[in-house]
Amino acid sequence: MKPGDLRRFKDNDTTRAYDGPGYVQIAGMPFMVTEIDSGPVPAWVSFIAGSEHHQHWVHDFVLGHSEALDETR
């Protein structure tokens, strides 16, 4: 995962758990990575989804619960 990558959150029980009040609805949501922590083991990632810039989400969560999109499709 790197800045500029297009990804989509998977639609599963974990991502649907965020569909409640006060949370960002992420199940199935496409997004573009804007920034990744530059440490040897990245801790966070920022991305644009819809019209919002979401900053400093846990890197392993985003990586593990999303998949790359094919920009040519």
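Author: Let us begin with Lys-2 and Asp-5, whose side chains meet in a salt bridge with 3.0 Å from N to O; the term stands for a side-chain nitrogen of Lys or Arg within 4 Å of a carboxyl oxygen of Asp or Glu. Please keep in mind that this is a predicted model, in which local features need pLDDT of at least 70 and side-chain atom pairs count only at pLDDT 80 or more, while totals for chains, interfaces and linings use all residues. Residues are numbered from 1 along each chain as its sequence is written, and side-chain values use heavy atoms, with hydrogens and water left out.

Reader: Okay, and is Asp-5 buried or exposed?

Author: Asp-5 is buried, with a relative accessible area of 15%, whereas Lys-2 counts as exposed at 51%. Here buried means under 20% relative accessible area, exposed means over 50%, and partly exposed lies in between, with a 1.4 Å probe and protein chains only.

Reader: How many salt bridges are there by this rule?

Author: The count comes to three salt bridges.

Reader: Which residue does Asp-11 form one with?

Author: Asp-11 forms a salt bridge with Arg-16, and their closest N and O atoms are 2.6 Å apart. Asp-11 counts as exposed at 51% relative accessibility, while Arg-16, at 40%, counts as partly exposed.

Reader: And what about Arg-16 and Asp-13?

Author: Their side chains also meet in a salt bridge, at 3.2 Å from N to O. Arg-16 and Asp-13 are separated by about one helical turn, because they are three residues apart in helix α1 (residues 13-16); helices here are DSSP runs of H or I with at least four residues, strands are runs of E with at least two, and both are numbered from the N terminus. Salt bridges that share partners join Asp-11, Asp-13 and Arg-16 into one network.

Reader: Switching to strands now, how do β2 and β3 run?

Author: Strand β2 (residues 30-36) and strand β3 (residues 44-49) run antiparallel and are joined by four bridges, where pairing requires that DSSP finds at least two bridges between two strands. Within this pair, Ile-36 stands opposite Val-45 in β3.

Reader: What does β3 do with β4?

Author: β3 pairs with strand β4 (residues 52-58) in the antiparallel sense over five bridges, and Phe-47 stands opposite His-54 in β4. β3 and β4 form a hairpin with two residues between them, and Gly-50 in the turn has a positive phi of about 65°.
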